[in-house]
Amino acid sequence: MSQATPDQAEIRIYRARSIITMNPAQPRATHVAVRDGRILGAGDLASLQGWGKATLDDRFADKFIMPGLIEGHSHLLEGGMWSFVYVGFYDRRGPDGRLWKGLKTLDAVVERLRQAEQAMDDAGATLCAWGFDPIYFQGERITTDHLDRVSATRPVVVLHASIHLMNVNSAMLQMAGITPDSGVDGVECDESGRLTGQLQEFAAMYLVFRKIGNVFFDEGQTTHGIWNFARVAQLAGVTTATDLVNDLSPDTLSSLAQTTDNDSFPLRLVPAYAPLRDNENKGLERVLPSIARNTDKLQFGIVKLIVDGSIQGFTARLRWPHYYRPPAGAQENGIWVIPPQQLQGLIQTYHDAGLTVHIHTNGDEATEVALDALEAVLAATPRRDHRHTLQHCQMASTAQFRRMAALGVCANLFANHLYYWGDAHYEMTMGPERACRLNAAATALAAGVPISLHSDAPVTPIAPLFTAWCAVNRLTASGRVLGEENRITVQQALHAMTLGAAYTLKLDDRIGSIETGKQADFAILEQDPLAVDPISLKDIPVWGTVLGGRVFPCPQNDA
Amino acid sequence: MKPPIALTVLGGFLGAGKTTALNYLLQAPHGLRLMVLVNDFGAVNVDATLIESVSGDGVVSLRNGCVCCSMGGELMNALMAIEKRGDCLDGLIIEGSGVSDPRKIAQIGALGQGFALQSIITVVDAAAILSQREDRYVGDMVKTQIAGAHVILLNKTDLVGTAHCADVLAWLHDTAPGVPVFAGSKGRYDWEVLLAPAVQTSEAPTSRMPLSWTMGRPNRSDRLEPSSVFQSYCFENSGTFDECRLRGLFADMHESVLRAKGIVHVGPDKRICILHYVRGHALTLDVTTQQYAGNSLIFVGTPDFARAPLAQALERTLINWP
C-alpha cells in the first residue's frame, strides 16, 4: 500500500498535466479536489480553493487524469484464468503486473509449458494453460507431439482463447480414456486415424473435466480469482467492471460482499444476474434481495439474457444470407440459447420489476428477435429510461440501429472483435460487406443509440484503451481496415468507455466523468489520449487508478 | 471403474409435451431411481414430489445450465455431481430446452464414460408441428430435433383429425426415416419404450432397465414402412378391476394391441398390482407397494388399434360396473 488511510474530512487537490473530464460543460481541467472519496470539483486551482483547507498533491503533476475506465462486459472468469499458465499469441499483463509476452511459435508455447511443468511440485497434478489461439500459426497445428514434449507422464491441458476447444497430451488422453474410436463428436483424429489431442465442445471437453474437475470455471468463483480479476482490471485503468453472468447464489453474494468490502480491493463490481447460470431458476427472488446489499463497490440489479452463440463459432443466429463460407458440415445457421418465443416473457419479468436487461445478441437475426421482444414489451408496458442494452450486437444493420434508437435501447459493442477476429469475419463468417459493418459504432452514434465498448474478458484482454483503439482505427490483426466509415473519434471512444458504459449500467450519476459529486474514480495515464496519434492510443502506459479517492498505482509504480 | 449411468435425452420444441411425458414417466411403476436434469428457461414444471418418490434418496432436479457453453459451468458441475452418486441411480434423463439439439446433449453419453447413451426421444406436437417446421426462427431446429431422434412421441393426437395426423406421420417419416413413432396424447407413453436402450454402447449401463421394447413389434409388413407407427393409449380410472374378468379380457385381447402395462387396483381382494401384458404371452399381475393414485394402464398398439371399444371393454371389467 502506498499511502496511509486518508483523513476522511481532508480535502486533497490533485494537480495534473491535464484532466479529461467527460463533462461537456468543462471538458478540460488542471486540478481536481477530492473529499470523502468523492469529487468536490474540477477546474483550475483557484476555482477549488474556496472549499477550504486542502492538501495540494503533485504526484500526478506530469500525468493525465481521465475518468476511471468502465468495462461494461467482462467475466470474473478472467481472474480465475491467472491461476493457470498463459500461452496466448498476444502480450497480456497478469494480476501481479508481470507482462506475459505473447508466444509467436508453437515451440515457444512448448517451452513456456515446460518451464511451468518443471516448477510444479506435485507429480500427479495436471498442468493447465489457457489463452491459446491456433489461428495465428499459419496452419501449423498443436498436437500431442508438442504437448508430450512438455511431459510424458503429467496430464497437460491447453484451453483455447475461445474456450470452446482444448488440446491435451497423451497422458491426459489416457487418463480420460479417450480413444480414436470414441464416437464423440469433437474428438479430433488426423488422416491416419491418430488422436491429435484436440477436443472440441462440451461433450469432448467433459471427458477431461470429469477427471480433473471444472478447474477453469471454479477458479473464477474463488476469492483469489475475484482479486486477480480486480488487479488485472486496475492495471488497465479500470475502476468499474461488470461480471456479466452471475448466479447471485447466497455463497456468491457473501463471497463478493466480503471481497469487495476490503478497502484495498481496487474495483467496483457490477454483477449481472443471469437466469442461465442459476440452477434453481429463482429469477426476481434472487435479484431483488441482492439489491438491498448494494454498496459503493458492489452494485447488483442488472440482468443478463443470452439469445444466441458466437459468430466465430458459427453459432450466432444470422439473417439471410447467413454464413459466408462456413466449414464443411456446419449447420445452416447458428443456435438459440433462449427460445425466441420465451424471450419476451423473460424480458417482461425483469422489465416489470424496474430492472435493466442486458441481452446478448451476436448475429443480426438474434438482434432482430431481441428488438421484436423489446418492442412488444415496451408497447405493453412503456417505461421511460429503461436503458435495456444489447450486448455485443456485432452485426446490427443500420435499420436495426434506427429501431434501437426509437426504442431507447443501448448497444455495448464488442470492438475487440475487429482486431482479433476481423480477418476471419471478412474471409469466412460474414464476407466483406457485413464484416465492414461489424460493431458499427459510428452508425450507432449517428442513429442516436447510446453506446459503450467492451472486451468480454477473458475472451479478449480487459484493456479499455485497446478497446477504444479498435473502435477508432478498425484495424484487424493482419492490418486490414474493416469499414473506414464506422471509425469513431478518440473522444467518442473514450466517452463510450467511461460515461457511455456508466449510462448502460445506470450509474452515470455516480461514475463516468470528473465533476462535482461523483465518485473520485480516475485512470492515471502517462500520455494525453486525445493528443497522441490515434494509432498509439493502445500503447499509452497506465500509471494506475484512483478509486473512491484511494490511489492504486500499478505494481511497477508502487514505490 | 464404475459402470456408466444410463442416459436418456428428451428433446422437442416448446409446448410439445416433454415435461408432461416426463412427469408421467417418473410416476410410472418401474421402480427405477432416476435423476432428472431440465434445461429450460421458462417456468419448470417437473413435479418435484414425483422425483422425490421415484428416487427415494432426495435426488432433486437441476435446472438450466447450457450445453452450448463449452466451459459449461453449472451443467458441467451438475453432471460431475450426478456421476459421483451414480451408484444409487438407475438412470439420468436430461430434458433439453425447446431449442436445443438433443444430439448435442446426447454426446455426453457417446463414449460410455460416466454416462452411456440409451436413447434420444423427441416429443412432437401433432397439432402444431406443421406450422412449427415453417417458423422462420426455429423451423431448422424443430427439424434437427426430429431427425436426431431414436424414438418419436407424436403427442396431442387427440387434438387433430385423422387426415392431419396422416400428414404429420408422412412428414415425420421423411424427416426421420426408420424411426419408430408412438402416437398418443397427454404425455402418456409406455415407459419401457422411453427407458429402453435404443443404441448400442460398448459398455453396459449400470441400470436395470427393462428388456428391449422391440419384442412387441409387429412383423407383418406395414404400409408406413420403413418407419413403424404405434398408437399409444392410456386408460385412467379410479375403480377396482375384477381379476377374473380382467384376465379374461386380456386372454381375448384384439391383435392390434401389442403390449400393455400399468398400475391397477384388483379385486375382489383389493390389491395394488403392476399389470404387464405382451401379445402372445399371458397377462401378469404382480402385487406392488408402489404409490397408487388410481388405475393407469398404458397400451401400445398398431395403427389400426381402436381405442373406444377397448375403453368400453375395460370399463366392463370393473367390479362396480353396473
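**View 1. A:D57, a buried residue, and its partner A:R12.** At 6% relative accessibility, A:D57 counts as buried (buried means under 20% relative accessible area, exposed over 50%, partly exposed in between, with a 1.4 Å probe and protein chains only). A:D57 makes a salt bridge with A:R12, and their closest N and O atoms are 2.6 Å apart (a salt bridge is a side-chain nitrogen of Lys or Arg within 4 Å of a carboxyl oxygen of Asp or Glu). This pair links distant parts of chain A: A:D57 sits in strand β4 (residues 54-57) and A:R12 in strand β1 (residues 11-20), 45 residues apart (strands are DSSP runs of E, at least two residues, numbered from the N terminus).

The model is predicted, so local features need pLDDT of at least 70 and side-chain atom pairs count only at pLDDT 80 or more, while totals for chains, interfaces and linings use all residues. Residues are numbered from 1 along each chain as its sequence is written, chains are lettered from A and ligands numbered from 1 in the order in which they are written, and side-chain values use heavy atoms, leaving out hydrogens and water.

**View 2. A:R15 meets A:D58 in a salt bridge.** Here the closest N and O atoms are 2.9 Å apart. A:R15 lies in strand β1 of chain A and A:D58 in the loop between β4 and β5 (64-67), so the pair ties together parts 43 residues apart in sequence. A:R15 is partly exposed at 33%, and A:D58 is partly exposed at 39%.

**View 3. A:D539 pairs up with A:K538.** Their side chains meet in a salt bridge of 3.2 Å, N to O. A:D539 is partly exposed, with a relative accessible area of 48%.

Conventions
Helix = DSSP H or I, 4+ residues; strand = E, 2+ residues; numbered from the N terminus.
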